[in-house]
Amino acid sequence: MFGPNTIISDNLNISYSHRDKRFFDLYKEVQELFQTKFDLKNYDIIFIPGSATVGMEAVISSLNCKIVPVGKEGKFYRRWVELVNKYKNKKFTFEGELSVRLETSTSSVNIFKRPLVLDAISSFPFYDLRKPKFFVTCSNKLLGGFPGLSIVGIRKDSHHLIKEDNTFSYLNLNTYLEYSKNNQLPTTAPTHLFESFKRTLINFDIIKLRERIYRNSDIIRKVIPKKFFIGNVICPVLTFKKEAISEQIAKKYELYGINSSSDYYQIFTYSDYDINYINFAKDVQETKQLDSQGNPPTILQR
């Protein structure tokens with residue numbers, strides 16, 4: 001529960017191929033919906049099947065300039081440092097910054113003016129993009145669609161920063177841009193993801209998302225003392241020390257981190273039914289009250 005992917009239910013009926021006109025029309029419709037919904041007309045939007053980390057690697061490997069990761073220490077910052085070092089090319093002298101908008105491993109927000117590359121994977125659209133030349137997000141997480149579709153935004157004035165490379169590669173942005181001209185993907189397109197994502201975009205409401213994150217963050221921080229939190233306490237993901245709550249509660253709600261050696265649990269404040277956040281807070285509060293009376297902690301089953 002409370003993981004990074006939103007609980008969703010969808011009944012799909014796919015009766016066409018990814019090389020049929022029906023899919024080409026769908027691709028263009030989803031592309032335009034995304035641009036319009038989030039006021040991104042000055043960006044070319046391409047889709048790469050796979051997680052958003054695939055999109056980040058495609059961007060990092062495809063640029064013809066040096067990239068300098070900046071921001072707060074964290075799991076994803078370190079991941080991009082490794083990839084930048086893997087793909088660096090010393091003959092290119094222009095430098096641009098790569099920033100993680102929301103470092104989910106520490107619930108920390110980075111604020112930089114117009115970075116070259118922005119990891120917006122866990123932050124978009126709750127936080128603004130800061131007008132980067134390239135950004136990466138995904139169909140799932142805060143947008144609420146099924147996982148499996150990476151979204152790359154390329155500002156229309158920034159194509160010259162992409163390597164002139166016609167080599168066919170699934171990490172080459174040029175490959176996706178070329179296929180995108182015909183509303184296609186170089187791979188077998190996940191038609192079901194596009195169908196579902198279209199519905200997600202049509203029904204998406206940024207105001208409701210933000211209200212939900214504020215509300216659920218507030219519910220959690222009222223029952224867990226501030227001293228246990230790491231990073232922001234009004235955030236799409238809350239990170240707190242495992243000692244803050246009993247292991248019984250963590251297991252009951254299958255908290256993110258329960259099956260790892262990490263010292264922290266995480267709760268994503270947008271992904272589950274609102275009633276579950278309320279019930280979690282009630283259980284934490286009841287356990288604290290029982291502890292204060294000298295009784296062994298007991299979790300009421302609902």
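Glu247 is partly exposed, at 48% relative accessible area; on this scale buried means under 20%, exposed over 50%, and partly exposed in between, with a 1.4 Å probe and protein chains only. Before I go on, two housekeeping points. This is a predicted model, so local features need pLDDT of at least 70 and side-chain atom pairs count only at pLDDT 80 or more, while totals for chains, interfaces and linings use all residues. Residues are numbered from 1 along each chain as its sequence is written, and side-chain values use heavy atoms, with hydrogens and water left out.

Back to Glu247. Its side chain meets that of Lys251 in a salt bridge, 3.3 Å from N to O. The rule for a salt bridge is a side-chain nitrogen of Lys or Arg within 4 Å of a carboxyl oxygen of Asp or Glu. Both residues sit in helix α7, residues 247-252, four residues apart, about one turn of the helix. Lys251 is exposed, at 52%. Helices here are DSSP runs of H or I with at least four residues, strands are runs of E with at least two, and numbering starts from the N terminus.

The next residue to look at is Lys252. Asp283 forms a salt bridge with Lys252, and the closest N and O atoms are 2.7 Å apart. This pair links distant parts of the chain, with Asp283 in helix α8 (residues 274-292) and Lys252 in helix α7, 31 residues apart. Is Asp283 buried or exposed? Asp283 is buried, at 1% relative accessible area, while Lys252 is partly exposed, at 26%. Elsewhere, salt bridges that share partners join Arg101, Asp128 and Arg130 into one network.

Arg101 is buried, at 3%, and Asp128 is partly exposed, at 42%. How many salt bridges does the rule give? The count is 15.

Now cysteines. The whole structure has zero disulfides, a disulfide being a pair of cysteine sulfur atoms within 2.5 Å. For Cys138, the nearest cysteine sulfur is that of Cys235, 15 Å away. Cys138 is buried, at 2%, and Cys65 also counts as buried, at 8%.

Strand β10, residues 237-241, pairs with β11 over five bridges, and Lys241 stands opposite Tyr264 in β11.

Last, the largest pocket. A pocket is an open set of points on a 1 Å grid over the protein atoms alone, where a 1.4 Å probe fits, with protein on both sides within 12 Å along at least five of seven lines; lining residues have an atom within 4 Å of a point. The largest one is lined by 30 residues, with Lys75, Phe76, Thr104, Lys141 and Tyr256 nearest its centre. Elements giving two or more residues to that lining are α2 (52-62), α3 (75-87) and β11. The largest share, four residues, comes from α3.

Definitions and conventions: Pairing = 2+ DSSP bridges.
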